[in-house]
Amino acid sequence: MLPEIMIVVLWIGLTAYALFAGADFGGGIWDLLAGRSAAGRPQRELVEHSIGPVWEANHVWLIFVIVLMWTGIPSVFAAVASTLYIPLTLVALGIIARGSAFAFRKVSTRLWQQRLFGAAFAFSSLVTPYFLGTAAGAVASRRVPPGIAEGNLVTSWNNPTSIIAGLLAVGVTAYLAAVFLTRDAQRLGRHDLAEAFRRRALITGCLVGLLSAAGLIVLWLDAPRLLTELTTGRALPLLVLSVVSGLASLPLLWRRAYLAVRLTAALAVVGLLWGWGVGQYPELLPGVTLDRAAATETVLAATLGALAIGALLVVPSLWWLYRTSQRGHSPS
Amino acid sequence: MELSGLPLVTGPDLVAARTQMGLSLGWHIIVACLGVGMPAITLLAEWRGHRTGDVRYRLLARRWAKAMGVLFAVGAVSGTILSFEMGLLWPGLMGVYGEVIGLPFSLEGIAFFIEAIFLGIYLYSWDRLPPVPHLLSGVPIVLAGVASAFFVVTANAWMQQPTGFDTRNGRIIAVAPWAAMFNPATPPQTTHMILAAFMVAGFAMASVYAVAMLRGRRDAYHRLGLLLPLTVAAIVTPVQIGVGDWAARFVAENQPVKLAAMEGVFETQRGAPLHVGGIAIDGQLRYALKIPRGLSLLAHGDPDAVIVGLNQTPKADWPPINIVHLAFQAMVAMGFALLLLAVWLAVSWLRRREPPSSPWFLRAVAVSGLAAVIALEAGWIVTEVGRQPWIVYGVLRTSQAVNPAPGLVWGFVLVTLVYLVLTVATVYVLRRLARDQPVPIAPQEPDVTGFKVT
Ligand code: HDD
Ligand code: HEM
Ligand code: HEM
């Protein structure tokens, strides 16, 4: 039972990272596409205002997931990290460039500095989710065998499934950010910006939908087993949830129901992630089940207990943080 | 995962992985020390400002908070790289022992959440919260910073003194996670580290103001900016030297090879002398100043105690002697130099209620930040290089733990380039922050131009 609880907690962390930090990444992508310095300024300010106070807390979810992996399923962590060390190194470097450039830009006063740091921030916001997505695709398509560096160092993450997963990760983060920013702009009374992001959300929403459809075809050709896992049995309801929420988001956006669309957009992502997890369970890597990979009971009990107590501290604090930052004043 | 099946990796990839780990850790630790120490000193200033109504304290607090915003961002990303590298570079360690040291890292994750959350609140709600709740919102940052330093160093302490697990045929069969976390090396190492963080933060912050004062800005604002952090660091310094002695005794008891390397003791001997300086050449420590029986006395409290020399250990299991020896000398030298500075300040203060007025005092404070950082890095080099060739002392060799995938050298080159750029950018941005005159309304909101500090 403990291994199952642990993997569920891990997946909750992954979901939180995808939703919250994903939206922060997407904010960076819109920063990239906001246009020239003067014209893009209001949009950049909105992005900065929305993610400034929260991005570090959102980022901690990734650390949470990594640490829980090496604690709870150490051999799987070692296999994934060693085989996928190229994309994961690129992810790590992207994270460095993004976080520091964002902080540097904030305190820079000259235009050229803001441009330079802004470019680093925006570019890494695009690249990082792509490589994370390829890594997820590698695991999902069973290209990471157990053992240390046993998989192919290049093709494990350069293959149709990984590429489509990487593109989908970029698309989803951009879409989530556009949806979240629409509501933020509306609350701040910036209806022009709300309209701009609504248009972007609609366009990216359609693109992500097309990409997902293409993804199913790619899976059918490249990873039929994954497709079967997703479309039969336990995972099917979750996949349906994802598709339905994704489709429902578009009319909601059209009708400017910005709060409701936050929910449906998030559900579309949640459905996909949990569909993958449930479909693959109990196998983590080819031939390695959760029970075989899980840490000993004492470790799981101690860690989960500590996390439960920690949650009592963290959850109310997080809620307070989101409250204070959402209440904020308008960007100047 | 089986231990016996792990390949042995040697050559450039192993060197690259070790250097990369050392580089990223050595980089992170500087920012992390500021992340542990600065919030406390900033809160102290904010509290004084609130109590006395002195606007200079309040300005200082805002200034420091703004720098903290940058430092925490850089600390968070450089720390994230480390978590990646634990797997990317050392899968042989994490794949087997990840679960043994997982508990402190999970606890650290909680501390990181608390730290990041309250940092978001503290930095962004300066004008939205009344003064006292705002001050209180900073307290969890301090506690979580100290806690995360504690947790991560327990993991390192375990690598020095592995306890709390059982293996059979190279597989972990039982783990006592709390026993692993509270291993014998935990008390001295964590205490020494946390005090080091306060020393680094205090001396480094004071250095900035000493430089400004040497450039002629000797107003009351700069004086306070120098005195407050310097006082904190000066109080910690003598305690730190006592704790360093404790750490050294611990090493003498539990890691005799490391102690022999630190002191350049090649032959086992009774009543061993303490070596000051010197360099190891051909199995001998040359040019060292010897203090008779000093080492035996310091390490075991008995001038005739036996010190185990390197000759008891096969040469293949020696750590690099000169690196460890010189690093240890450097740490101790910096520690005593900083102690002198602290005593100078204390004497002058007791006599005249004034810091020393000599320009040499300012010059000394100006380099004290650097000295503390050197002591910090040197200390970690003693600990980590002195543990070689083991990654987990006596249990797992570094060469068995490294990722066997080819091409780690290229990863190292790339990471080094990125760190180079990151260093330049960080220093540049922090210098701009220190120089720019306008003081922000709230640390993370755009600057208000024309607001004079003095
Ligand atoms: C400002 C920093 C600073 C200062 C002034 C000192 N140290 Fe230190 N020392 C560190 C910062 C540090 C550290 C934080 O870098 C280390 C590395 C690992 C650790 O736990 O603390 C360390 C490790 C360390 C170790 C190795 C522990 C191990 O391998 O387990 C010893 C024996 C000492 N120290 C001894 C001393 C002595 C005798 C000092 C007296 C002058 C001293 N240190 C001053
Ligand atoms: C932050 C301060 C630290 C510094 C400056 C530091 C420094 C170093 C250096 C220089 C090395 C390379 C040693 C060699 O190969 O000769 C190293 C290795 C390593 N350190 Fe540390 N270390 C620090 C803290 C930690 C902590 C807290 C941990 C773990 C929890 C850790 C884990 C490791 C690992 C896994 C290696 C690689 C294996 C090895 O070379 O033994 N270090 N460190
Ligand atoms: C002695 C060594 C270390 C100390 C004292 C230390 C302390 C800290 C502190 C205080 C922070 C908070 C933010 C900031 O830096 O400004 C931090 C961040 C971080 N550290 Fe370290 N650290 C050490 C070594 C390590 C090691 C070995 C790892 C990983 C294996 C690590 C992982 C992290 C991570 C992931 C973060 C980011 C947390 C966030 O997002 O807020 N640290 N560290």
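Asn156(B) is located in helix α5 of chain B, where helices (H or I, at least four residues) and strands (E, at least two) are DSSP runs numbered from the N terminus. The structure is a predicted model, in which local features need pLDDT of at least 70, side-chain atom pairs count only at pLDDT 80 or more, and totals for chains, interfaces and linings use all residues; side-chain values use heavy atoms, with hydrogens and water left out. Residues are numbered from 1 along each chain as its sequence is written, while chains are lettered from A and ligands numbered from 1 in the order in which they are written.

Asn156(B) has a relative accessible area of 8% and is therefore buried (under 20% relative accessible area; exposed is over 50% and partly exposed in between, with a 1.4 Å probe and protein chains only). Its side chain is joined to that of Glu384(B) by a polar contact of 2.9 Å. A polar contact is a pair of N or O atoms within 3.5 Å; within protein, one must be able to donate a hydrogen and the other to accept it, and residues adjacent in sequence count only if both atoms are side-chain atoms.

A residue is near a molecule or strand if one of its heavy atoms lies within 4 Å of it. Oxygen atoms of ligand 2 lie 2.5 Å from a side-chain N or O atom of Arg387(B), 2.8 Å from a polar side-chain atom of Gln388(B) and 3.5 Å from a side-chain N or O atom of Thr398(B).

The iron atom of ligand 1 is coordinated by NE2 of His192(B) and SD of Met331(B), at 2.1 to 2.3 Å. Donors are N, O and S atoms within 2.8 Å of the metal (3.2 Å for Na, K and Ca); water is not among the atoms, so sites may look incomplete. The angles among the 6 donor atoms of this iron atom span 86 to 179°, and the site is octahedral. Four donors count as tetrahedral if all angles lie between 85 and 135 degrees; four count as square planar and six as octahedral if opposite donors are over 155 degrees apart and all others between 65 and 115, anything else being irregular. Because His192(B) lies in helix α7 (residues 186-214) and Met331(B) in helix α11 (residues 321-352) of chain B, the pair ties together parts that are 139 residues apart in sequence. Met331(B) is buried, at 18% relative accessible area.

Ligand 1 is surrounded by 25 residues, of which His192(B), Lys258(B), Met331(B), Leu376(B) and Thr383(B) are the closest. A polar side-chain atom of Thr383(B) is 3.3 Å from an oxygen atom of ligand 1, and a backbone N or O atom of Trp380(B) is 3.4 Å from an oxygen atom of ligand 1. The shell around ligand 1 receives its greatest contribution from α8(B), with 7 residues, and contains 16 nonpolar, 7 polar and 2 charged residues.

Conventions:
Ala, Val, Leu, Ile, Met, Phe, Trp, Tyr, Cys and Pro count as nonpolar, Asp, Glu, Lys and Arg as charged, and the others, Gly among them, as polar.
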